[in-house]
Amino acid sequence: MAEPRFWQSRAHPLSLAISLALTPVSFLYAGLEALNRKVTQAQHPGKPVICVGNLTAGGAGKTPTVQWLTQWLTQETRAPAVLSRGYGGSLKGPLKVDPTQHSAAQVGDEPRMLAEACAVYIGADRHQSLRLAAQDGHEVMVKDDGFQNPAMAHHFNLIVVDGATGLGNGRLLPAGPLRQPLSVALKKLDALLIIGAPSHASLAPLRKAVEAMGKPIFFGQIEPQSPRPKKSAARVHAFCGIAKPEKFIASLRGHGYEVAQVTSFGDHHGFTAAEAERLLASGLTLMTTQKDMARLQGSPEGSALARLAETANTLPIALHIADEAALQTAIQKALADKQASQIYKSY
């Protein structure tokens, strides 16, 4: 689903009218969310858990952050595993994602993409996924999303915010993008990571509130990892089905591509054969995201979807964090402190 435009404005008359009309539903949402927190007893997992979450609905940069964390933890020989809900997949889990056997339709596009480089376990019950990962010898769990879910105790909450969209109009779903009252979320936050230039007006008060609580703030940039294109190959047709397609288009242009045509779909879109045929007939070099490619891979051999997967190119990206050593130290200290206080129990 694309983010509604009115989420980004508190002042525009039409946006204000729509947002205010939805406010009663937001009150209901807030009540149900508060009730869930009150009646759910958080269970302490048997392994350290780092949660990568966000404060709002929509893309904020969690997936590149999860990739950054697992790469670092692997270098530290901490045997990380990603715990994902497997959104969009037909298999319920718990199971370990095998990119040679599982399609995105079975396990979700993000888990399949992540599984190319690290161990990923999917399942609606993250405790069951964690037990399976622990049995396989994994030591540190990176929980992809689920910051607002009170069922599992987290040992470090790294909250990701998009610098361009921030907290939007600052209202709760569906009147705004917030998934939880900010006062509740800030009490649980251990570090804030702002990805991209912090240009949105909502970020100044957010940063002030986080700093007042003595919690660290970090800044990151998502950057392409492939060589800049040759001039002869720079004119492209970009297609994607992600929450914020404009970010992908901006990355392509910033990397030297001339984006002559754009085809965008809804987030987690399942491509059809007819759509693949239309894209293949465009006559331009096709560019897409790694997440979209994950949904195309594993298509039946010889099909239009398989041919699109073979033909299209991706723009590999990676997250670069300023002062990443300080963030790594904060995470290591939090995990060590929780272990010393015997918060873990063995499965």
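# Close-up views of a predicted model

**View 1. Strand 6 is covered on both faces.** Phe156, Leu158, Val160 and Asp162 on one side of strand 6, and Asn157, Ile159 and Val161 on the other, are all buried. Buried stands for under 20% relative accessible area, exposed for over 50%, and partly exposed for values in between (1.4 Å probe, protein chains only). Strand 6 spans residues 156-162, and seven of its seven residues are buried. In a regular strand the side chains alternate between the two faces of the sheet. The model is predicted: local features need pLDDT of at least 70 and side-chain atom pairs pLDDT 80 or more, while totals for chains, interfaces and linings use all residues. Residues are numbered from 1 along each chain as its sequence is written, and side-chain values use heavy atoms, without hydrogens and water.

**View 2. Strand 6 pairs with strand 1 and with strand 7.** Strand 1 (residues 49-54) runs parallel to strand 6, and five bridges join the two. Gly53 has Ile159 of strand 6 as its bridge partner. Toward strand 7, the pairing of strand 6 is again in the parallel sense, over five bridges. Leu158 stands opposite Ala191 of strand 7. Helices (H or I, at least four residues) and strands (E, at least two) are DSSP runs, numbered from the N terminus; two strands count as paired if DSSP finds at least two bridges between them.

View 3. Between strand 7 (residues 191-195) and strand 8 (residues 217-224), four bridges are formed in the parallel sense. In this pair, Ile194 is placed opposite Phe219 of strand 8.

View 4. Strand 9 (residues 235-240) and strand 11 (residues 285-288) run parallel and are joined by three bridges. Ala238 stands opposite Met287 of strand 11. Cys240 is buried, because its relative accessible area is 1%.

**View 5. The largest cavity has a volume of about 40 Å³.** One cavity of 30 Å³ or more is present in the structure. The lining consists of Asn54, Leu55, Thr56, Ala60, Val160, Val161, Asp162, Thr165, Gly166 and Lys244. Strand 6 gives the most to this lining, with three residues. By class, the lining of the largest cavity has four nonpolar, four polar and two charged residues. On a 1 Å grid over the protein atoms alone, a cavity is a set of points where a 1.4 Å probe fits but cannot get out; a pocket is an open set with protein on both sides within 12 Å along at least five of seven lines, and lining residues have an atom within 4 Å of a point. Points are joined across faces, edges and corners, and a volume is the space filled by probe spheres set on them.

**View 6. The second largest pocket is lined by 20 residues.** Its volume is about 400 Å³. Gln67, Met113, Glu116, Ala117 and Gln290 are the lining residues that lie nearest the pocket centre. Helix 2 (62-75), helix 4 (109-114), helix 10 (290-296) and strand 13 each supply at least two residues of the lining. The largest share, six residues, comes from helix 2. The lining of this pocket contains eleven nonpolar, seven polar and two charged residues. Ala, Val, Leu, Ile, Met, Phe, Trp, Tyr, Cys and Pro count as nonpolar, Asp, Glu, Lys and Arg as charged, and the others, Gly among them, as polar.

**View 7. Trp7 is placed before helix 1.** The segment that holds Trp7 precedes helix 1 (13-39). Trp7 counts as buried because its relative accessibility is 5%. A polar atom of the Trp7 side chain lies 3.0 Å from the backbone oxygen of Pro174. The C-alpha atoms of Trp7 and Pro177 are 6.1 Å apart, although the two residues are separated by 170 residues along the chain.

**View 8. Cys118 is in a structure with zero disulfides.** No disulfide (a pair of cysteine sulfur atoms within 2.5 Å) is found in the structure. For Cys118, the nearest cysteine sulfur is that of Cys51, 15 Å away. Cys118 counts as buried because its relative accessibility is 14%.

Definitions and conventions: A polar contact is a pair of N or O atoms within 3.5 Å; within protein, one must be able to donate a hydrogen and the other to accept it, and residues adjacent in sequence count only if both atoms are side-chain atoms.
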